[in-house]
Amino acid sequence: MTILIAIIVIGLIGVLFGALLGFASIKFKVEGDPLAEQIDALLPQTQCGQCGYPGCKPYAEAVANGEAINKCAPGGDETIKKIADLMGVEVQPLDENHEADNTPKVAFIIEEDCIGCTKCIQACPVDAIIGATKQMHTIIIDECTGCDLCVAPCPVDCIEMRPLKQTPKNWQWDLDSIPVTQVD
Amino acid sequence: MESVIERIEKGHFWKFHGGIHPPEMKFLTKDKPIRPLAMPPELTIPVQQHIGEAGKLIVKAGDVVKKGQALTQSLMPLSVPVHAPTSGTIRAIENAIIAHPSGLSELCIKLTPDGEDKSIARHITPDYTSLSKHDIIEKIAQSGIAGMGGAGFPTHIKVNTHAQINYLIINAAECEPYITADDLLIREHSTTIADGINILDHLLEPAFILIGIEDNKPEAIKALQKATANNDKVKICILPTKYPTGGEKQLIMALTGKEVPSGVLPSKLGIVMQNIATCFAIAEAVIHDIPLTKRVVTVSGRALEKPQNVWALLGTPVEFLLQQCGYPEQQRKHIIMGGPMMGFSLPNTQVPVVKITNCVLAPSEQEIPNDKHEVECIRCGQCADVCPSQLLPQELQWSAKANDQQQLETLNLFDCIECGACAYVCPSHIPLVHYYRVAKAEIRQQKQLDIKAEKAKKRFEARKARLEREKLAREEKHRKAAEARKARMNSGTEQANKEKSAVAAALARVKAKKAQTSNTENVENKELASDQQDKKSQVAAAIARAKAKKQAAVQESSPAQTESQPPTPENNQGDENKKAQIAQAIAKAKAKKQAATSQDTEVENHEELNEAVKVAPVDDKKARIAAAVEKAKAKKQVAPEKPSELDTDKTEETAATNSPADDKKARIAAAVAKAKAKKLKEKNPQSAPTTVDASTNEEQEKEVAITPPLEASEEKSAQALDKKARIAAAVAKAKAKKQQAESK
């Protein structure tokens, strides 16, 4: 008899919690993968595709599903460190296939050479190139992410990547000018 | 509120946290009058001298300007213009090193004075109360006045507040060692300053005006008391000397006992603060219609023979100031702009005086020794005791060294006023403020990047959405068109019946072709077995040939690369020469195609090389554009002939590109078509293998893959071919399609 009561009680508790969980899974359903969202927020959003994925979001989703964290070349070591912190994994050096140089660059169209083919406009992931067929194109520097994707499609090779110009506004204080000594 | 004024009247003030008492060193300059300077040989006027946006240039090189003439125009609310400090000619508008610790250059106007100092017409307004508030603010803005205490915030923004102002605080504390510019200005021009204070009173209508001044300037206090005696709103608050009393938040704390919360403007608390030198500039601008073109600069330091306060025109090179004050060569060390606590070392002495420059310091070796080496922090905590912002400098220092931006923000790094008190007391000589400056710049940069990333993400997503939308719209259009066609066909008119029967006929033809194809395949399979031996040897030969060609191509490619560098003798290649080359290349290609079908790829390589050799050296723009235009034309011409042309057909494309004349193009196209047809003929007997060994299969698949673009041109010449060839072609086509599908 006691066994029967125990079974019934445990069974009832089971049903109760089952209902509770079922309710919670509907009520508190999370749209999308929150981890992917968090990783996406850490990526530099250049949409360059150097990681092998078409944009930062797809790469973030892939990382959330176990892809290597060291494929973001524009983000460099900083981004890798942040993702490693977020996911609780070891920091890895940047994938060897990528250039380690991640100085901020922007595309530049040598305008006298541009023939107005619109191929770069189609390649730009952030619509940072303006121009029309048989009209000279130009790049909106403030919108350009430096992703490099417009360089290859240009039939007359009139696009080049130039490092961002340093001005007093974006200048970083030079630590080397201050004598810093390390004491063991 | 009553108690604040009561306390002030009793001379009781509040104390802000921390602070230091460095040697004042003001005696070097405080008892000498402000000296007017001779005219420097050239003035360098930076376009931007304040926080905010630079104005738009309205003069150009070669213009003759008069004293007080505006050189830039302010279009945005946060920009103020700059004016010509004297009459003269604008020599150039170019980048020059500005007064910034980076030593980077910015756009500057170079003015060569003509020595006449002719001014533009002025409209003196003795009674400013006759002007509306709006007009006064406009006058302040157009006179280019920006806070002269050090930050350079545009003054017209600060005085255009609609909030209820309880206290207008005039900052005359001048707490930094060495600097006596404000002290002397008060002593010599107290009535003008009083006018300026009255104008601010008129604009802001504060309940009280508090003038904060340190007790180490007794003459200035007397002069101010005398000048402001007729305005009973004004309270002169004599504060004990302590660095940094002159900090905005510190002075507010000392005078009113109110602490300005982090990230809040004082105007939220009903307080506006103005520097005393700004008051002088406001009076000059509003009453005398003189824009801000000169200021008092303390030129001090023991390395100078005659340290003194001077009236410096904005744009005067620091070098000129130093010369005027006797700066012997052998004493030359580093020059500091600003005071010893908050200033920065100048990259060179050609930088100009700007609106915020209150001091140029030339210290001797004893005053500010260079060789203090930083040693490890001993956690004595003195820095935290003296920090006027009540921060934890040593904690900040750890985090700054570790580049831990999150922690730095938690520790309120941005509340640091960079007063340098912590570095002053540090027994380990740690340049703490430098670390904070670096960290601040990095955090700002990171924030910019974050904003940019967010923007890029939005644009990327917007673009994706747009492409998706366009795709759907296209599909919808196609669907509608198809539906319309169907409806028309089903309408039962004569036209529709005709169309219907045409479609049915086409379908029947396709079916018939299919049936034939399968028959021929069977037949050819049987033939294949006998052919196989022969084919194997053929393939072997082809591979050998391909290898030889590859070697040749490698050898050829290196000269081609060197040739493709711009300046080569081939640059001036004549048109004749080019034509001949193209003809040669085409002839070669034809010969090769006839020789062996399996070498298609090689031919492609060669022609590409030819193109590289031809096009690359002709580097000048005209030639390139011409080539591009020709390419486009050629494409257009080729397109109607071969509507199903695919990107893989590079051979034809490059060949077509090379042709300079239209008839030539046509000829080439014809030749290529002929060559292809021939190729096809040769290939037909062996073109349908299903059970050949792996290597053969691969070779042939390659051939087939190259075939599809020919479809159209081949169909044209198909009339000449016998039926068998046609069937074989169909088979090849089918194969190619299969291949394509697979590769996709």
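Predicted model: local features only at pLDDT ≥ 70, side-chain atom pairs only at ≥ 80, totals over all residues.
I took helices as DSSP runs (H or I, at least four residues), numbered from the N terminus. I used axes that are lines fitted to C-alpha atoms over the stretch in contact, with angles from 0 to 180 degrees between N-to-C directions. I count under 35 degrees as roughly parallel, over 145 as roughly antiparallel, 65 to 115 as roughly perpendicular and the rest as oblique.

Next I checked which residues touch, with contact meaning heavy atoms within 4.5 Å. B:K133, B:I136, B:I137 and B:I140 of helix 2 meet B:I199, B:H202 and B:L203 of helix 4. By class I find five nonpolar, one polar and one charged residues in this contact.

Then I turned to chain A. Helix 2 (residues 34-42) and helix 4 (residues 76-87) of chain A have axes that come within 10 Å and cross at roughly 155°. That makes these chain A helices roughly antiparallel. From helix 2 of chain A, A:L35, A:Q38, A:I39 and A:L42 meet A:T79, A:K82, A:I83, A:L86 and A:M87 of helix 4. I find six nonpolar, two polar and one charged residues there.

For the record, residues are numbered from 1 along each chain as written, and chains are lettered from A in the order written. Local features need pLDDT of at least 70 and side-chain atom pairs pLDDT 80 or more, while totals for chains, interfaces and linings use all residues, and side-chain values use heavy atoms without hydrogens or water.

Methods: Helix = DSSP H or I, 4+ residues; strand = E, 2+ residues; numbered from the N terminus. Nonpolar A, V, L, I, M, F, W, Y, C, P; charged D, E, K, R; others polar.
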